[in-house]
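Subject: Structure handover

Hello,

Here is the structure I promised to pass on. Please open it before you read the notes.

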Amino acid sequence: MKFTIIGAGAIGGVIAGYLAYHENNVTLVDINQEHIDTINKKGLTIETTHEPIVVRIDTCMLNQLIQLSDKLDVIILAVKSQHTKHVINEIKHLIGKNTVVISMQNGLNEHIIANMIGQDRTIGSFVNLFADYLEPGRIQYGGVGSLYIGELDGKITNRLLDIQNRLKAWGNVQITSNIFGYLWSKLAYGAILTATATVDETMEYLIANHEYRELFVEISTEVLQVAEQLHIQTEAFDDWDPAIIYSPNNKRDWDRIHEQFDLLVKRLQTYKKKKSGIWRDLAVHKRKTEVPNQLEPVIEKGEQFQLDMPLIRKLLNMITELETGKREMNYQNLDKLKTIINP
Ligand SMILES: NC(=O)C1=CN([C@@H]2O[C@H](COP(=O)(O)OP(=O)(O)OC[C@H]3O[C@@H](n4cnc5c(N)ncnc54)[C@H](OP(=O)(O)O)[C@@H]3O)[C@@H](O)[C@H]2O)C=CC1
Ligand SMILES: CC(C)(CO)C(=O)C(=O)O
């Protein structure tokens with residue numbers, strides 16, 4: 001099995017690093033020339049929670065990859081969601097009848113990929129690792145979380161089992177017949193993390209603060225309401241259980257909710273990555289985030305069911321304003337969101 005991993009950042013770097021470390025056939029592809037040059041010269045360094053590992057790994061730039069003509073085998077897509085369409089368009093000629101593309105991304109990119117290359121060539125993945133691109137050649141793998149792969153139609157196929165076996169180089173990768181259950185659950189959880197990115201503060205600190213817990217529950221409820229309308233059975237993972245957060249009749253069990261948030265905070269405290277990828281795009285890279293690509297599809301689907309979703313609409317608007325410099329990161333953003341639930 002030959003892996004081509006497109007996007008050599010936090011997620012692509014970690015997965016490619018472990019696959020290569022365990023002698024799988026891997027090529028890591030990116031558009032960042034300095035990053036690729038450094039990996040070629042010094043290897044890819046992954047700062048784990050224990051000792052760093054340095055891995056020698058084949059690399060190429062995207063513009064070199066697209067010069068090839070042989071069809072690729074297993075492609076792992078680990079770019080931010082806003083780059084999904086562009087990358088798939090660029091590599092379409094390298095996708096044959098036996099090629100599969102695995103989306104290791106947040107959001108619902110699987111639908112986009114399947115529309116472009118077919119559902120039979122698309123595998124879904126839910127990834128809850130905590131990693132950051134630090135500088136050319138260096139990735140921080142700051143926290144271990146779940147990784148699931150699943151066919152979009154829920155079947156447990158031989159190719160899924162083969163890929164799972166290879167990905168064990170990374171760790172305990174699991175297969176699921178309900179990949180969209182995980183992706184929607186992560187969207188609901190991710191919406192809370194998105195809200196934390198409106199303040200220059202750690203995720204654990206903000207989630208620990210009881211003042212914002214009702215807001216976080218309401219934000220994820222808006223996403224989970226849409227999932228419910230779509231008959232998606234959302235799944236629990238890593239101290240996050242949507243069934244505890246979401247109560248269709250507004251009969252919330254606050255003891256259980258606080259218990260779950262407290263466990264989540266404890267978990268986050270053990271991670272080296274303290275702020276979300278969205279915060280990092282805004283505060284460090286000063287570039288557009290993938291929030292529109294994650295929240296707009298939820299809002300569009302919610303509109304079909306006449307759902308209101310005032311919180312995620314406002315949150316999306318705030319992130320857009322943060323991207324364009326019209327807004328600053330501060331607590332007033334969370335306080336403003338709170339006024340939507342308690343005017
Ligand atoms: N980081 C994390 O802990 C987690 C991330 N995810 C998800 O994983 C996905 C990847 O995120 P992450 O690894 O953090 O992102 P990163 O920004 O760290 O890595 C993405 C890499 O892809 C590169 N890239 C951009 N456009 C292209 C292109 N056209 N062709 C090839 N490479 C390209 C980027 O280069 P450049 O920077 O120059 O644009 C960057 O090096 C996202 O959907 C994210 O939400 C999910 C769970 C956890
Ligand atoms: C917060 C985290 C690491 C959760 O997986 C994430 O999704 C991100 O940073 O984009």
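First, the ground rules. This is a predicted model, where local features need pLDDT of at least 70, side-chain atom pairs count only at pLDDT 80 or more, and totals for chains, interfaces and linings use all residues. Residues are numbered from 1 along each chain as its sequence is written, chains are lettered from A and ligands numbered from 1 in the order in which they are written, and side-chain values use heavy atoms, with hydrogens and water left out.

**Ligand 1**

Ligand 1 sits in the largest pocket. A pocket is an open set of points on a 1 Å grid over the protein atoms alone, where a 1.4 Å probe fits, with protein on both sides within 12 Å along at least five of seven lines. To sit in one, a molecule needs more than half of its atoms within 2 Å of the grid points.

There are 27 residues around ligand 1. Each has a heavy atom within 4 Å of the molecule. Ile11, Asp30, Asn106, Ala131 and Glu290 come nearest. Strand 9 gives the largest share of the shell, 3 residues. Helix 1 (10-21) and helix 4 (84-91) also supply at least two residues each. Helices (H or I, at least four residues) and strands (E, at least two) are DSSP runs, numbered from the N terminus.

Now the polar contacts, meaning pairs of N or O atoms within 3.5 Å. A backbone N or O atom of Ala10 lies 2.9 Å from an oxygen atom of ligand 1. The side chain of Asp30 places an N or O atom 2.8 Å from a ligand 1 oxygen. For Arg287, a polar side-chain atom is 2.9 Å from an oxygen of this ligand. The protein covers 89% of the 880 Å² of accessible area that ligand 1 has on its own. Such areas come from the Shrake-Rupley method with a 1.4 Å probe.

**Ligand 2**

The space taken by ligand 2 is the largest pocket. Residues around ligand 2 include Asn106, Phe130, Lys186 and Met203. Asn106 is also among the residues that come nearest to ligand 1.

Which backbone lies 2.6 Å from an oxygen atom of ligand 2? That of Gly277, through an N or O atom. Taken alone, ligand 2 exposes 290 Å², and the protein buries 90% of that.

**The sheets**

Strands of a sheet pair through backbone hydrogen bonds, either parallel or antiparallel. Here, two strands pair if DSSP finds at least two bridges between them.

One open sheet has 8 strands in the order 5-2-1-6-7-8-11-12, with mixed pairing. Strand 5 (58-61) and strand 12 (174-175) stand at its edges, each with a single partner strand, so one side of each has no neighbour in the sheet. Strand 6 (74-77) and strand 7 (100-103) run parallel, joined by 4 bridges. Ile76 stands opposite Ile102 in strand 7.

Another open sheet has 4 strands, ordered 4-3-10-9, again with mixed pairing. Its edge strands are strand 4 (53-55) and strand 9 (130-135). Strand 3 (44-47) runs parallel to strand 10 (138-143), with 3 bridges between them. Glu47 has Gln140 as its bridge partner in strand 10.

Best wishes

How values were computed: Polar contact = N/O pair within 3.5 Å; in protein donor to acceptor, adjacent residues only side chain to side chain. 1 Å grid on protein atoms, 1.4 Å probe; cavity = no way out; pocket = protein on both sides within 12 Å on 5 of 7 lines; lining within 4 Å.
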